[in-house]
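Open the model in your viewer and keep the selection panel at hand.

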Amino acid sequence: MWSGRKLGSSGGWFLRVLGPGGCNTKAARPLISSAGTLGRDCTVLPKPLSTAVRDNLLKTIPNHQPGKPLLGMKILDVGCGGGLLTEPLGRLGASVIGIDPVDENIKTAQCHKSFDPVLDKRIEYRVCSLEEIVEETAETFDAVVASEVVEHVIDLETFLQCCCQVLKPGGSLFITTINKTQLSYALGIVFSEQIASIVPKGTHTWEKFVSPETLESILESNGLSVQTVVGMLYNPFSGYWHWSENTSLNYAAYAVKSRVQEHPASAEFVLKGETEELQANACTNPAVHEKLKK
C-alpha cells in the first residue's frame, strides 16, 4: 500500500542513498543532460515502486481481473533503462511502452523480454525521448512513470509539461528523484562518485536536483494535483527497502491530472457574447445603457 503525506510535510520516498547510475550509459537528447546517466541502476530496483504504482492505479479501476489487476491500462515508462520496472508492470496486465534515448538500454530490454512470450505482447520499447512522442501520444496513457530521470533533465518544466500532455484526463504520474539538500550532495555526489566510486563521476549534477516544493509547484501549474508522498529507505547492508518519511535524500511524488482542463479562451468568448448582448439592448433599455457606460 502506498500511503504518505502531501508535499510540504516531512513525507518522502527514499529510493536510493547513492542515486541511479549502475548502467553507466549516457543520454544525448534535448531534454536530457549528456553528462547524466538515464538508465536505472542495473542491480538494485525497489520492488515497492511497482507495488506503489499498482496500488494507486487500482483505486481508479472499479473491477479488475485477479492476477492481471492492471489489464486494459496503458502505461508509459520514461527512461526505462533495461526494463526493470517496465516488466513488473507488464506482468500486472498493463500495456506498457518503455522509452529511453540510449540505444544500448533498449537492446538490453528487448532481449530480456523476448524470453517471456506474454511480456513480448504487452511491452513495446522505443529508442526516443519523451518530447519526440508527445504529439502522437497526446492523452494516451492512464499512467506515466519517470523513475530516476528528473535529476538528469535539462529543461524540467518542459519535461513535466510533456508528461502531463501524454496523460489522459484523470491519469496518474509517478516521479522519483533526488532532493536538493546538503545531505544529498554529500552522499549522492561526494561519497558515491568521488570517494567510493560506486557510480561514475559526473553521473549527477547537484544543481539539477529538485526539492519537493519546486516539483509540486511545477506539477500543479500544469494541471496536476499532487496526492501523496511516501518515504523509503534502502539499507545497502541488508539489501532491503523500508518505508520512511524522510525527503532529505530521494523522494517520489504521485500526482493526478485534472479531469477538467480550463480553457481561458472559452471564458473570453462568453464575456464577449455577454457584452455584445448588452450593446444590442442598450438602445432600448436605458438601464443597460448606463451599465455599459460604467
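Start at Gly223, which follows helix H7 and has a positive phi, near 85°. This is a predicted model, in which local features need pLDDT of at least 70, side-chain atom pairs count only at pLDDT 80 or more, and totals for chains, interfaces and linings use all residues. Residues are numbered from 1 along each chain as its sequence is written, and side-chain values use heavy atoms, with hydrogens and water left out.

Next select H7, residues 212–221. Helices (H or I, at least four residues) and strands (E, at least two) are DSSP runs, numbered from the N terminus. Pro212, Leu215, Glu216, Ile218 and Leu219 are buried here, meaning under 20% relative accessible area with a 1.4 Å probe, protein chains only. Viewed down the axis of H7, these buried residues fall within an arc of 170°, so they line one face of the helix; the arc is taken from the directions from the helix axis to the C-beta atoms. They pack against helix H5 (156–166) and strands E5 (167–178), E6 (224–228) and E9 (250–257), where contact means heavy atoms within 4.5 Å.

Move to H5, whose buried residues include Phe159, Leu160 and Val166.

Now show the open sheet: 7 strands in the order E3-E2-E1-E4-E5-E9-E6, with mixed pairing. Two strands pair if DSSP finds at least two bridges between them. E3 (123–127) and E6 stand at the edges, each with a single partner strand, so one side of each has no neighbour in the sheet.

Finish at E2 (residues 95–100), which runs parallel to E3 and is joined to E3 by 5 bridges. Ile97 stands opposite Glu124 in E3.

Conventions. Buried means under 20% relative accessible area, exposed over 50%, partly exposed in between (1.4 Å probe, protein chains only).
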